[in-house]
Protein chains: 2
Amino acid sequence: MDFFEQLGPAALGSRLRRLSEQMTTQAAAVYALYHVPFEPRWFPVFYTVASTPDLHVGEIAERIGHTHAAVSQVLKELTKHGLVQVQRGEADQRRSLVTLTPSGADLWPTLQQQAADVRQATEELLADTRHNLWLAIGEMEYALSRQSLASRVKTIRDQRVAAQVQILDYTPQHQPDFKRLNAEWIERYFRLEETDLKSLNHPDDYILRPGGHILLAQHQGRIVGTCALIKMPDATFELAKMAVSPAAQGLGIGQRLGEAAVARARELGARRLYLESNTKLGPALNLYHKLGFRKTVSGPPSPYERCNIQMELPLSS
Amino acid sequence: MDFFEQLGPAALGSRLRRLSEQMTTQAAAVYALYHVPFEPRWFPVFYTVASTPDLHVGEIAERIGHTHAAVSQVLKELTKHGLVQVQRGEADQRRSLVTLTPSGADLWPTLQQQAADVRQATEELLADTRHNLWLAIGEMEYALSRQSLASRVKTIRDQRVAAQVQILDYTPQHQPDFKRLNAEWIERYFRLEETDLKSLNHPDDYILRPGGHILLAQHQGRIVGTCALIKMPDATFELAKMAVSPAAQGLGIGQRLGEAAVARARELGARRLYLESNTKLGPALNLYHKLGFRKTVSGPPSPYERCNIQMELPLSS
DNA sequence: AGCATTTGTGTAAGTACTTACAAAATATAT
DNA sequence: ATATATTTTGTAAGTACTTACACAAATGCT
């Protein structure tokens, strides 16, 4: 099984599954040992009912950490085998109250004894190992409850990507990328307007020459994000043309671009940043908020139809 | 979840299953993170094919530790999604050789990167814990490969039962049990013969008064086993009427009875033990062998039709 | 009291594997 | 060379759970 060795803990899930399967098989063998006509998967439910009778399905499920559906299925089988009986609740007619039948009660001491034997065997097994599996599971469950594996992986990937993302200044060779990335998202949500086409086709004329700046994000040799600072009166820049390629979204590239834009505005002596957007663009607004932008009380009307929100960020110089 | 706390490690199997399920769910979330249209269960197969192309189904299965059936199913899906292609083997037409398609090869770097990220995340997770889950699994698998859980449980149970089993001397009140236990197994395999009935109905007359002894095994207040020493010429006793109740079989009660009988024969100054049995009775012969009995080369003919094997145990006094 | 909402349960279908079985190609024995 | 055994694979069904859905009973709200 070089597979596990090569991949290491990345295959943790697979390995856990294998071991749990092995344990389940062994459990079946244990029942055979005691001549008990009983299936391992019944145990949690039976144990719970025997310990505290007159519980209903939902309560049993909660105690053993399975779903009510699983409990319901197991109870059906236990009933068929004559080990438990189910009655409608008296006060609450929806509930199914469960108790042991006489033959279930007969079985109970044997199962208890068996559980005690299994417990002892497992404890001896665990005592033999340097790394205690039972405690390790507990610690792992705790660690995962604090931060999920997926979000841990995301953190790692974001760090790696951030190290690979470069923020570049616009040069004329970037015009096609600049246009493509912006046209892409505008067309997805709205319609390309005349004003858009002018500035996307001729950013030199419409953005740079009037004193603006354009920043680009490069990842693995490809331009995957853009954003522009457009000069406005009163030491203000408008943050516009913010776009990240769909394939590169979720990598924190917007954040990097935004931060770079804010830093650049500061360098240029801006006292205020301003932007226009649309409330439909949730993730974008989220990003702006993270960067420090807040809703403007009132501002000049926008030339774009699609803008229904304005935000600003005062820059204390 | 008091269930796990109450039962402790006896519920190890359940707990492993829960954790592995959680890891599987998380794995799916990780794929979503990378925008990869890929299911976690494909990974082992895909990984193996990408690392070493032109393997066939059986080889892949062996490497990843799954069955060929599982590999076959996953390959079907991978093919449907255009990630791998399967060809008949040239030399051996039974084999299905697997290689990546161009689009599978495209996906490979992303998956490799992702696996590396997952590995790092998991390693950080493991480093945070006091009991290393990865190593604990390895140790547990090793321990179980040396002795299965079922056999460990059996050892523990046998010890417990042995402590509870008492070997008693026959008194007339035991006659019904003595008869019941012997009749039970004789009728299961053969037919009760006249000779049987005499000694079972009147053990005093046929066994004890001629100088024999009867031992009984008592477990939890019930007589669950019998065995008799019948006096023969030349300081020899015949070990006969060995019976253990079906419900109590496998508990090592036969062994205890047998050992007690041998010890008693020694006390009585016997120089040899003798018995007759049938080769159909595998477990019984096994027990006799464990007690030290060996096949007799030739002996006097038995009054019982069912006897086709004779064994003896010389007792060095 | 009449309505929507919540709660409790059961059933069906899915999941990621397994075991069991079947069929074809190849290897081995006579 | 022919019959038999073994290898290789695919398919079906099972396992021990899950999620999704449906429906009745109870509760909350006006």
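A salt bridge is a side-chain nitrogen of Lys or Arg within 4 Å of a carboxyl oxygen of Asp or Glu. In this predicted model, Glu141(A) forms such a salt bridge with Arg15(B), with 3.2 Å between the closest N and O atoms. Across the interface of chain A and chain B, six salt bridges are found.

**Extent of the interface**
- Chain A and chain B bury about 7,900 Å² between them, and 68% of this area lies on carbon and sulfur atoms.
- Arg15(A), Leu125(A) and Trp134(A) supply 9% of the area that chain A buries against chain B, more than any other three residues.
- The contact takes 73 residues from chain A and 73 residues from chain B.

**Polar contacts and composition**
- Between chain A and chain B, 20 residue pairs are in polar contact.
- Among the elements that give two or more residues to the side of chain A that touches chain B are helix H1 (2-7), helix H2 (12-33), helix H6 (102-127) and helix H7 (133-146) of chain A.
- H2(A) provides the largest share of that side, 14 residues.
- By class, the side of chain A that touches chain B has 37 nonpolar, 18 polar and 18 charged residues.

**Glu305(A)**
- Glu305(A) is placed in the loop between strand S9 (294-295) and strand S10 (309-314) of chain A.
- Glu305(A) is exposed because its relative accessible area is 65%, and exposed means over 50%.
- Not counting residues up to four places away in sequence, Glu305(A) touches Arg191(A) and Glu193(A).
- Glu305(A) and Arg17(A) are 288 residues apart in sequence and, C-alpha to C-alpha, 55 Å apart in space.

How values were computed. Residues numbered from 1 in each chain as written. Chains lettered and ligands numbered in written order. Predicted model: local features only at pLDDT ≥ 70, side-chain atom pairs only at ≥ 80, totals over all residues. Heavy atoms only, no water. Contact = heavy atoms within 4.5 Å. Buried area = accessible area lost by both parts, 1.4 Å probe. Polar contact = N/O pair within 3.5 Å; in protein donor to acceptor, adjacent residues only side chain to side chain. Helix = DSSP H or I, 4+ residues; strand = E, 2+ residues; numbered from the N terminus. Nonpolar A, V, L, I, M, F, W, Y, C, P; charged D, E, K, R; others polar. Buried < 20%, exposed > 50% of the residue type's maximum accessible area, 1.4 Å probe, protein only.
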